[in-house]
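Biologist: Could you take me through this model, starting with whatever terms I need?

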Amino acid sequence: MIAHLDMALLIGAAVLLVAVAAVRWSTRLGVPSLLVYLAIGVVLGSVFGLRFDDAELVRLLGTCALVLIIAEGGLTARWTTLRPVLGLAATLATLGVLVSVVMVTVVGHFLLGWDWRTAALIGAVLSSTDAAAVFSTLRRLRLRPRLVATLEAESGMNDAPVVLLVILLSSPAGIGPWWQEALFIAYELAVGAVIGLLVGVVGRELMRRAALPAAGLYPLAAVGLTVLAYAGGAVVHASGFLAVYAAGVVLGNSRLPHRQAILGFADGLAWLSQIGLFVLLGLLVSPPGLVQMLVPAVLAGVVLTFVARPMSVLASATPFGVGWREQLFLSWAGLRGAVPIVLATIPLAQGVPGAEALFNIVFVLVVVFTMVQAGTLPAVAVRLGVTAPGEATELRVETAPLDRMHAELLQIEVPPGSGLAGVHLDELRLPVGASVTLVLRDGAGFVPDRDTRLRMGDSLLIVATESVRDEAERRLRAVSRRGRLAHWFGEDGREHGD
C-alpha cells in the first residue's frame, strides 16, 4: 500500500508541476489553461495507460472542485462593479439559459436528428458558461468593466439552474408538469441565494470579531464558510452553487482581516481544483470515441455559438439597453469549459441511453470551441470597439486591523496600467485621517514625503482611521482608474451624471 501511495504521490506531484508550468505557456497563446490540463489527462490515459472510468466519482469530485472555483469567483468579484449588472447577469443566467436550451433542442431534433431527450440534455449541458474559463481569460484583457462583470457574474450564477435542468432530464422518473418543475427551480434558486447571503453576513461578523491566533486561519475560515453555504443549500434541496457564489460575494466585499491572504489562498485552491478536475476529465474520455463524434460536436457547436447563444443574449440584454456591439461580444465570450463536461457525467452516471456519445460530443465541442473563441477574444474585442485600454488592472488592497488604535493598515501595489503611476503623494488627495507611511520600491523601503512620485510596482503602506478607511480606498481606486485628475470625475472615479 505504501509503495502504491508513493507512486501516486510521485505521479500527482509531477502532473501538478507540469500543469503549473503550462499556465505560462497557455497564457502566451491566449487560450485557457484548462485545454492543457485536459490534454494531460488524455495523454496519461491513452499513452501511459492510466485508465479511469468511474463517472460517478468524477461527478462527485467535479462538484467539489466547482464549489471551490465558484467560491473564488465570488470572493474576487467587486460589488461596486457587480451591482450595476446584477439584473442583466441574473437574466442571462435564467431566461438566457432557457432560450439557449430551447434553441439547441429544437435545432438538434429537427436538423441533426437527435431524439427529444438527447437534444434537450445536450442543450441543457451546453447552456452553462464556465466560471474557470471566463475568469482566466477575461482577466487578462482590458475590457469595459460592465462587460467583464456581466460575464463573470453570469458564469457564477448560471450553473445553478443548469444543474437542476440536467438532473431533471437525467432522472429515470422523467419530468413532471412544466409548471411544477418551474416552481421547483425557482424555489431552489431563491432559497440558495438567501442561504448564501445569510452565511456570508454571519460569517463576516464572526471573522471580524474572532481575533484568531494565526493569520493563516482566516483564509481557512473564509473558504470553509463558502463550502458551508453550499452544504447548507444542498441539505434543504436548494441551489448550493448559487449559495456558494452569494456567500463569496458578501465575504469578498467585506472589510475582513488579512483579505489579501484570503484571496490568495482561494486563488490557489481554485487553480488546484481546476488542474485536478480537468486532468481527471481527460482521463475519463476515450480518444477513439472522440474522433467519431467530431462532426456531431462541430455541428452542435455551430448551433450553440451562432444561433442559441446570440438569441439568448438578444432576449436577455435588449431590455437592459445593451448595444449591439456589446451583445455580439457577450455572445462570443460565452466560454464553455469544465462545467459542461462535468454536467455530462450526470446522465453518464445515471445510465441514460446515449450518455457516452453525449459526453464525447460535449468534450470535443468544449475543446474545439474554447480554443477558437478564447484565442480570438482579443481581436473580436478590438474589432467591436469594446476594449478599454485605459482601464487599470484590479487594484488589490490588504487590510490588517489595529483594534486598539481604531485604525487599519492598507497595503496596495501599483499594478500595470494603473493611473497611480506618476502621481505625487499630495495628488492622491487622501482624506484627513489617512496617510501613506511607507513605500517599498525595488526591494528597499522608505518613508515618503508629499513630493514622492509613485511608480509602477511600488508597494504602499497606508494607515487610515476606521471612519475614513472606505473613503480612502475609494479614492485610491479612483486615482488608479483615472490618474491625478480623478477628483474631477467624482468620488468613485466616474464622471458625474454617468
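Modeller: A residue counts as buried under 20% relative accessible area, as exposed over 50% and as partly exposed in between, with a 1.4 Å probe and protein chains only. By that definition Thr150 is buried, because its relative accessible area is 1%.

Biologist: Where does Thr150 lie, and what does Thr150 touch?

Modeller: Thr150 lies in helix α8 (residues 145-157), where helices are DSSP runs of H or I with at least four residues, strands are runs of E with at least two, and both are numbered from the N terminus. Not counting residues up to four places away in sequence, Thr150 touches Val85, Leu88, Ala89, Leu92 and Leu330, a contact being heavy atoms within 4.5 Å.

Biologist: Before we go on, what should I know about how this was made and numbered?

Modeller: This is a predicted model, in which local features need pLDDT of at least 70 and side-chain atom pairs count only at pLDDT 80 or more, while totals for chains, interfaces and linings use all residues. Residues are numbered from 1 along each chain as its sequence is written, and side-chain values use heavy atoms, with hydrogens and water left out.

Biologist: What is the average pLDDT of the protein chain?

Modeller: The protein chain averages a pLDDT of 82, and 88% of the residues score at least 70; pLDDT is the predictor's confidence in each residue, from 0 to 100. Over residues 491-498 the pLDDT is below 50, and this stretch has 14 contacts in the model beyond near neighbours in sequence.

Biologist: Which elements have the lowest and the highest mean pLDDT?

Modeller: Among the elements of the protein chain, the lowest mean pLDDT, 58, belongs to strand β1 (residues 397-402), and the highest, 92, to helix α11 (residues 217-235).

Biologist: Now the overall picture: how many helices and strands, and what percentage of residues count as buried?

Modeller: The protein chain has 19 helices and five strands, and 51% of its 498 residues count as buried. Among contacts with a separation of 6 or more, 77% come from residues 24 or more positions apart.

Biologist: How do the strands pair with β5?

Modeller: Strand β3 (residues 434-441) and strand β5 (residues 459-465) run antiparallel and are joined by six bridges, given that two strands pair if DSSP finds at least two bridges between them. In that pairing Ala434 has Ala464 as its bridge partner, and Leu440 has Ser459. Strand β2 (residues 407-413) also pairs with β5 in the antiparallel sense, over seven bridges, with Gln411 partnered by Leu461.

Biologist: And what joins β3 to β4?

Modeller: Three bridges join β3 to strand β4 (residues 444-446), and the two run antiparallel, with Leu440 opposite Gly445. β3 and β4 form a hairpin with two residues between them, and Asp442 in the turn has a positive phi of about 55°.

Biologist: Switching to aromatics, how many pairs are there?

Modeller: A search of the whole structure finds five aromatic pairs, where rings of Phe, Tyr and Trp (its six-membered ring) pair if their centres lie within 6.5 Å, and planes under 30 degrees apart count as stacked, over 60 as edge-to-face and the rest as tilted. The rings of Tyr37 and Phe278 are stacked, because their centres are 6.1 Å apart and their planes are at 20°. That pair links distant parts of the chain, with Tyr37 in helix α2 (residues 34-46) and Phe278 in helix α13 (residues 259-284), 241 residues apart.

Biologist: Are Tyr37 and Phe278 buried or exposed?

Modeller: Tyr37 is buried, with a relative accessible area of 0%, and Phe278 counts as buried at 1%. Phe359 and Phe363 form a tilted pair, 6.4 Å centre to centre with 35° between the planes.

Biologist: Where do Phe359 and Phe363 lie?

Modeller: Both lie in helix α18 (residues 355-384), four residues apart, about one turn of the helix. Phe359 counts as buried at 3% relative accessibility, and Phe363 counts as buried at 4%.

Biologist: Last one: why is helix α3 said to be largely enclosed?

Modeller: Helix α3 (residues 55-76) is largely enclosed by the rest of the structure because 16 of its 22 residues are buried. The end C-alpha atoms of α3 are 31 Å apart, which agrees with the 32 Å that its 22 residues should span, the expected span being 1.5 Å times one less than the number of residues.
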